[in-house]
Amino acid sequence: MPVYAAVDLGTNNCRMLIAQPRSSGFKVVGSFSRVVRLGEGLVSSDRLCDAAIDRAVEALAVCAQRMRERRVRQVRCVATEACRRAANTPDFLARVREETGLNLETITPEEEASLTLMGCVALLDRALPNALVFDIGGGSTEITWLDRQADGCLHTQGFLSLPFGVVSLTERYGHDRLHPDQFESIVESIAIALAEFDARHGISAAVRDGRVQMMGTSGTMTTLGGLYLDLPRYDRSRVDGLDMEVEAVRSLSHRLATQCCAERARHPCIGQARADLVVAGCAILEAICRHWPVASLRVADRGIREGLLLRMMGRGPRGVWPGDA
């Protein structure tokens, strides 16, 4: 069977999946994930710093080696917000090609959302006509408004990319406890953009009518999923597709915000790598949940890489995605 690989280099993580096609999708035969913090210092300098570039190139070299070992036939490697923002991205991409042989491409927010949706849309409840799908990233947050039309497919009715992510907000507000005023400042900043998007598409009215489901795909959501279940260690099989009561999630978020970084790091579903970032993600989530008060949230531990694989294999679901229309 042919072997495919997908690499997602985000502002915080470098992730790869290697898979073979199957009649119902694909079978994962290899994976890799490493925190590289490519966006470190980007808020203040508008450049990828040397240490972050070194970490990213090292991680991508591991990906390339594993692809060679698996004899990958087709690969696509994408980069998101950090590379969209940085002035020295062309130099970084050239170094990646030279040292790893990988052709890393920077994709638009619309294509990022398109791939994320393609990777996780199978988790949505077909009984509900509308969905809000959001991805809280390291450097930005993408929100997509979907409507199930007469053909049974979900079609994109609206798309919003917010310049708020867990890495950029953490650098701005600090890595330890987040003061309640700072938490509210983040929420209020996001609320302005959400209000305009909401008014344009009439989303709040659909929420009040009970027509809307909400699903999030990100490290923030999967971390909260592990905490919600009080898992002794993270278990993807239990978190992917999990429904969480919003009020319980908000309570978890506010508790995390009052803890110091060391306290958060001690939880096995957070760890040292995410301890300083998770509160910023919780503030973004609070803004979304406060604006659109649904009763529950669904967690997706899947996204861009799965979307890349499905698209390369020609196995993606039907529908209209951001950037494709």
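Reader: What makes Thr89 part of a helix, and which one?

Author: Thr89 lies in helix α4, residues 89-100. Helices here are DSSP runs of H or I with at least four residues, strands are runs of E with at least two, and both are numbered from the N terminus. This is a predicted model, with residues numbered from 1 along each chain as its sequence is written. Local features need pLDDT of at least 70 and side-chain atom pairs count only at pLDDT 80 or more, while totals for chains, interfaces and linings use all residues; side-chain values use heavy atoms, without hydrogens and water.

Reader: Why is Thr89 called buried?

Author: Buried means under 20% relative accessible area, exposed means over 50%, and partly exposed is in between, with a 1.4 Å probe and protein chains only. Thr89 has 5% relative accessibility, so Thr89 counts as buried.

Reader: Which residues are in contact with Thr89, leaving aside its neighbours within four places in sequence?

Author: They are Leu48, Ala82, Cys83 and Thr106. Contact means heavy atoms within 4.5 Å.

Reader: How do you know how compact the protein chain is?

Author: The chain has 15 helices and eleven strands. Its radius of gyration is 19 Å, close to the 20 Å that the globule rule gives for 325 residues, so the chain is as compact as a globular protein of that length. The radius is taken over C-alpha atoms, and the rule is 2.2 Å times the number of residues to the power 0.38. Of the 325 residues, 56% count as buried.

Reader: What makes helix α9 largely enclosed?

Author: Nine of the ten residues of α9 (residues 219-228) are buried, so the rest of the structure largely encloses this helix. Among them are Gly219, Met221 and Leu227. Just after α9, Asp230 takes a positive phi of about 55°.

Reader: What makes a set of residues a nonpolar core?

Author: Its members are buried Ala, Val, Leu, Ile, Met, Phe, Trp, Tyr and Cys residues joined through side-chain atoms within 4.5 Å. The largest such core has 55 residues, and Ile143 and Trp292 have the most contacts inside it. Helix α14 (residues 278-291) gives the largest share of this core, ten residues. A second, separate core of 32 residues includes Val7, Cys63, Ala64 and Ala79.

Reader: Is Arg37 buried or exposed?

Author: At 18% relative accessibility, Arg37 falls under the cut-off and therefore counts as buried. Arg37 lies in the loop between β3 and α1 (42-45).

Reader: Why is Asp46 called partly exposed?

Author: Asp46 has 48% relative accessibility, so Asp46 counts as partly exposed. Its place is in the loop between α1 and α2 (50-70).

Reader: What is the phi of Arg37, and what is that of Asp46?

Author: Phi is near 50° in Arg37, a positive value in a residue other than glycine. In Asp46 phi is near 60°, also a positive value in a residue other than glycine. Most residues other than glycine have a negative phi.
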